[in-house]
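Thank you for letting me take a few minutes of the meeting. Please have a look at the chain on the screen, and then we will go through it together, one part at a time.

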Amino acid sequence: MTDPSAGSETAPDAVPGLVDAAAFASVPDAFQRLWTPHRMAYINAGADAMRAACPFCAAPEKSDADGLIVHRGRTAYVLLNLFPYNSGHLLICPYRHIATYDQATAEEVAEIGELTQVGMRVLRDVSRCDGFNIGMNQGAVAGAGVDEHLHQHVVPRWASDANFFPIIARTKALPQLLGEVREAVAGAWPA
């Protein structure tokens, strides 16, 4: 394996239009940059903004397009994450404002599970993903950004694209706009 700092036959300056990340302002390093300024709205708002008005209580009050909702069930609904880890990052939420899984009714638990399975099938069909991360962060100490309203994450993953790209390469690629993803997932959701 060639050490990139030692130079190679395909140095960045040898490829038209390619800029070496080490030439960027700041401390030179080996990381490429992929800018995702949309996440700044989440970062700048801070944790208090999510507590002031629950986004998961507000979403069902909006149109499907404005709320990024892809499916409405009986006790729970599915929407896209406004600040996704990957394109197609779904959230399954009960309509009721409850904080933890043990507060959910048997009917809510069953529907959250059913919607998770359908969401996986739809994402596989729409995005050709290779796998998923599925999970719930219960409480702020466990990493929940919105810790007062239960929600399950379904994050599609691709072996050839985004698998551990953010961890290893410190780069995240989101190739589609949220509106386009919502239309594709909602359109493929079974009636």
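Predicted model: local features only at pLDDT ≥ 70, side-chain atom pairs only at ≥ 80, totals over all residues.

Let me begin with helix 6, where V181, R182 and V185 are buried; buried here means under 20% relative accessible area, exposed means over 50%, and partly exposed is in between, with a 1.4 Å probe and protein chains only. These three residues cover an arc of only 100 degrees around the axis, which puts them on the same side of helix 6, the arc being that of the directions from the helix axis to the C-beta atoms. An α-helix has 3.6 residues a turn, so residues three or four places apart point the same way. On the other side of helix 6, E183 and G187 are exposed.

Residues are numbered from 1 along each chain as its sequence is written, and side-chain values use heavy atoms, with hydrogens and water left out.

What do the buried residues of helix 6 pack against? They pack against helix 3 (64–67), strand 1, strand 2, strand 3 and helix 4, where contact means heavy atoms within 4.5 Å. Helices (H or I, at least four residues) and strands (E, at least two) are DSSP runs, numbered from the N terminus.

The five strands make an open sheet with the order 1-2-3-5-4 and antiparallel pairing, two strands being counted as paired if DSSP finds at least two bridges between them. Strand 1 and strand 4 stand at the edges, each with a single partner strand, so one side of each is left without a neighbour in the sheet. On average, and with direction ignored, neighbouring strands are turned by 20 degrees against each other; for such angles, axes are lines fitted to C-alpha atoms, for helices over the stretch in contact, and the angles run from 0 to 180 degrees between N-to-C directions.

Going through some of the pairings, strand 1 and strand 2 are antiparallel and are joined over three bridges, and the partner of I69 in strand 2 is L79. Strand 3 and strand 5 also run antiparallel, with three bridges between them, and here L91 has H153 in strand 5 as its bridge partner. Strand 4 (residues 131–135) pairs with strand 5 in the antiparallel sense over five bridges, and G131 has R157 as its partner in strand 5.

How many of the six residues of strand 5 (residues 152–157) are buried? Six of the six are, so strand 5 is largely enclosed by the rest of the structure. In a regular strand the side chains alternate between the two faces of the sheet. In strand 5 both faces are covered, with Q152, V154 and P156 buried on one side and H153, V155 and R157 buried on the other.

Helix 4 lies across strand 1, strand 2, strand 3, strand 4 and strand 5, running at about 160 degrees to strand 3. Helix 6 packs on the sheet as well, touching strand 1, strand 2 and strand 3, and its direction makes about 30 degrees with that of strand 1.

**The cores**

The largest nonpolar core has 22 residues, and those with the most contacts inside it are V70, V78, L90, L123, V185 and W189; a nonpolar core is a set of buried Ala, Val, Leu, Ile, Met, Phe, Trp, Tyr and Cys residues joined through side-chain atoms within 4.5 Å. Strand 2 (76–80), strand 3 (90–94), helix 4 (106–127) and helix 6 (178–188) each supply at least two residues of this core, and helix 4 gives the most, with five residues. A second, separate core of nine residues includes F56, I69, L79 and C93.

**An aromatic pair**

Finally, a search of the whole structure finds one aromatic pair, formed by Y77 and Y95, which is stacked, at 5.2 Å centre to centre and 25 degrees between the planes. Rings of Phe, Tyr and Trp (its six-membered ring) pair if their centres lie within 6.5 Å, and planes under 30 degrees apart count as stacked, over 60 as edge-to-face and the rest as tilted. Y77 is buried, with a relative accessible area of 0%, whereas Y95 is partly exposed, at 27%.
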